[in-house]
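Colleague: Could you walk me through this model? I would like to hear about its cavities and its sheet.

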Amino acid sequence: MENKRFTLQVSPSGNLTNLILKEDTHKMNWVIDASYLKQSGYEEQDKLFGNFSVVVDGKRLTNADTAPMVRKDEAIITVTYTFKQVEVNMTYDLKQAEDNLTWNITMKNRQEKEVTITDFAIWSSFSYVMYKMNDLDMQTNHSAAVYPSISNDYTKLACVRRSNEAPHLGMYQTKGQTLSVGTYCAYHNLFFESVSPSLDGLLFHQLILAGGYPDGFENADWLYNKAGFTLAGFGEKEWEYKLESFKDQQDFYEIGKTKYNHPVFEFQPLAIAGKYYDFAVQLPATKYVTDAFVEHLDKYGNRKKVNIVGKMKKTKQGYNAKLLFRDAGEHKITIEVDDQYLDSIILNVMEPIKTIIENRSRYISNQLFNGADSENPYSYSPISNQGESLGKLSLVLKNNLLGSLNGKEVQQVEESCVHYIRQKWFENGDFTKPVNLYGDFYRCMDFEYIAHVFYLLSQFDEDVLQLHKPDTYLAWAADVFSLRVNPNLHETPRGKEEAQMLGVFFLYIDELLEQLKSRGLTAKYEEIHSLWSKIAQTVAQDSSTYKAAVTEHFYDNAGFGPATGALASTHHQDAANRYGELVLANIGFSNDFRAQSPDRWWEALSYMIHSLWGGVTAAACLKAYEELHDTRYLKAAYRATIGILYCYDTNAKATDTKLNSGEAASTYSIAGPHVNRPDLSRNRFGQSTFFRDGGIFTRLFTKEEETADWDMGEELVAYLDGFGKKTFLYEENGKIAVVNGSIEETEAGLLITSYAPIPTEYHFYDKEIHFISENGQLVPQVLFTNGKFRPKEQLLTRE
């Protein structure tokens, strides 16, 4: 069946099995293909597009309980499922319009007696697939990331092709209410089989039209509805979605506004308590905001609601408001349109981020450091063989370099470097002889974290360090870095291959080289500079095939994220742009700040935030902006960063896991429900929570309650080097806007207030205007006037 834009097929069992956009040269099937499941050994045929379950008066029914009647009438296919109490109809309609597909779902009560529906969930299984094949055309052009915006009356899904090449597929709610979008994960992981790539899998998306969770389920998620509904005798309820192609993020929202009356919000994902926040919404010309309010939970858990309609100022495009939030935590801003329809955004209000980072550093040092008499002397808990676990040491050092110095914290890290790290990862501390910590192999990726800790340690003055001189640690960093990137230092094929892969070292390689050169370690500088240049050149030459997108997984933002950052740092602009498109497709856009995360699934078995790789991807995206000056990268980098900070947020109230001062959790499941593990729905946790599920997790972790922050820290170091100190202006539609701060018009000029915890830099790349403070002096506010940044105090003094 087809129209001008779509070709589709519906199977005899009632599933939408094929959905192709005619304009798409790749002919991607935008829904999960039953034949791929079969050939790859997956058994989730019950989760194909259009399958559903419903609980009617306490009894669960599924589409498999009755044979559907499938009727085709020209360009309309109707699938009818008849049960004793209710009837469920699904219509796939290509006749209403040439350029879209209308998917209608109607439930009818077949009896005179009222029925109660406590749960109604339909699988909308778009092609969110990491294929079990090392074929980057399949991974990038036949797979999509799915970004939901859940709203009372304006839910929509953006299915973004992973190559970021249009056309993409959008789904817009036009009738009924969608309470949430849940996910189920199916995967294979061959990590311990020493196979590389080792991981493939799929996410199946589920529209929640009622309930969505097991009986009696409760969690801290107060932002989304979990209610059921009743159907009067012979009554019916209807839901409808329009599917159509879009070019990019802006086009996705513009289509929603002009064709389906969806509001378009302009909002930053982060507000700082006590600092002004700009909020705006665009509406179709015939629509009006009739009410607006903000909801949040106070520190006692009480729900507060403040009306803001009086603060909303009408503009040509819609409405805007300048708001001030006093309490930290998630905030939901809701607008009412035409006295009838509701739409919302969810943003996070945080206490000063500097406080969070300082508390984290203190916690790592006071709670996680194991002393000389412990079972693992001079280590930091939790014990792990993976280098990612050393990120917390880098964070402690970075915080002490940027903030007030605590010598004890630095000296603990020094003891760990000398007495624990060097001895654990290298035979007798010999940097040329790595230990096989993973059975019969080692991971080259571990060495980049070790080199980073050594490098940061070398930045402290001699009187702070106790065991060696700063230059000794700089030499150690160079030696370990050489091992990381020099294939000739490895004997095994795996070691030689991994040595040539990019990693998080793009975050600090320029600093390391500069220090080696300026401090006279010339031979080490020349060796590393040569190796680094060769790697970057090779990755640039191979960029047309996206070769660096494959790590130990078939397709991974731990590959294309660092590739983008490295290529941008080494000024390979064309190649950086090529990989950068993968990063842009990887970072979500949504009405919920948490769903704007870099897209990854295997740490949570769900659409998720992963602190480390999300943060590294965000940092790479920012580096791409600074080299390419494309505002898409700036906005995406910032969206991604705010979700990462949520993993450290001690004021979050919509997640079951509450964090005490200094605690953190590496993983957040965006999806609700998390169908594999409902208890993890919209919750923070560490991967060790899957220990009780068995399988590979029992080999990766020793117990379920292992701490949730083992692989955290490196991403906060990256943050401190980026948005941790930088605020950006950009121009859009003839107006100046700000990222990582607020902007206010004053008589003296534009007053820019930075949200950075260490505010030292202000950049306006569109005009090539920059301000960097002298000697790291903190400058929390500047005035932008007469084409220049000026510290506010300096300008006022001169006046």
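Predicted model: local features only at pLDDT ≥ 70, side-chain atom pairs only at ≥ 80, totals over all residues.

Colleague: What volume does the second largest cavity have, then?

Modeller: Its lining numbers 14 residues, with Pro 148, Ile 150, Ala 595, Ile 670 and Arg 682 nearest the centre. By class, nine of the lining residues are nonpolar, two polar and three charged. The volume of the second largest cavity is about 90 Å³.

Colleague: Between which domains does the second largest cavity lie?

Modeller: We can tell from who supplies the lining. Two domains both give residues to the lining of the second largest cavity, so it lies between them: domain 1 (6-247) and domain 3 (353-721).

Colleague: And which strand gives the most to the lining of the largest cavity?

Modeller: That cavity has a volume of about 120 Å³, and Met 130 is among the residues nearest its centre. Two elements, α12 (557-569) and β10 (128-130), each supply at least two lining residues. The top contributor, with three residues, is β10.

Colleague: Turning to the open sheet, which are its edge strands?

Modeller: Eight strands make up this antiparallel sheet, in the order β5-β6-β7-β8-β17-β13-β12-β11. An edge strand pairs on one side only, and that holds for β5 (69-73) and β11 (144-149).

Colleague: Which helix packs on that sheet?

Modeller: Look for contacts with β12 (156-161), β13 (168-175) and β17 (236-246). The helix direction makes about 130° with that of β17. The helix is α3 (residues 249-260).

Key. Residues numbered from 1 in each chain as written. Heavy atoms only, no water. Pairing = 2+ DSSP bridges. Helix = DSSP H or I, 4+ residues; strand = E, 2+ residues; numbered from the N terminus. Contact = heavy atoms within 4.5 Å. Axes fitted to C-alpha atoms, helices over the stretch in contact; angles between N-to-C directions. 1 Å grid on protein atoms, 1.4 Å probe; cavity = no way out; pocket = protein on both sides within 12 Å on 5 of 7 lines; lining within 4 Å. Points joined across faces, edges and corners; volume = space filled by probe spheres on them. Nonpolar A, V, L, I, M, F, W, Y, C, P; charged D, E, K, R; others polar. Domains from an automatic or database assignment.
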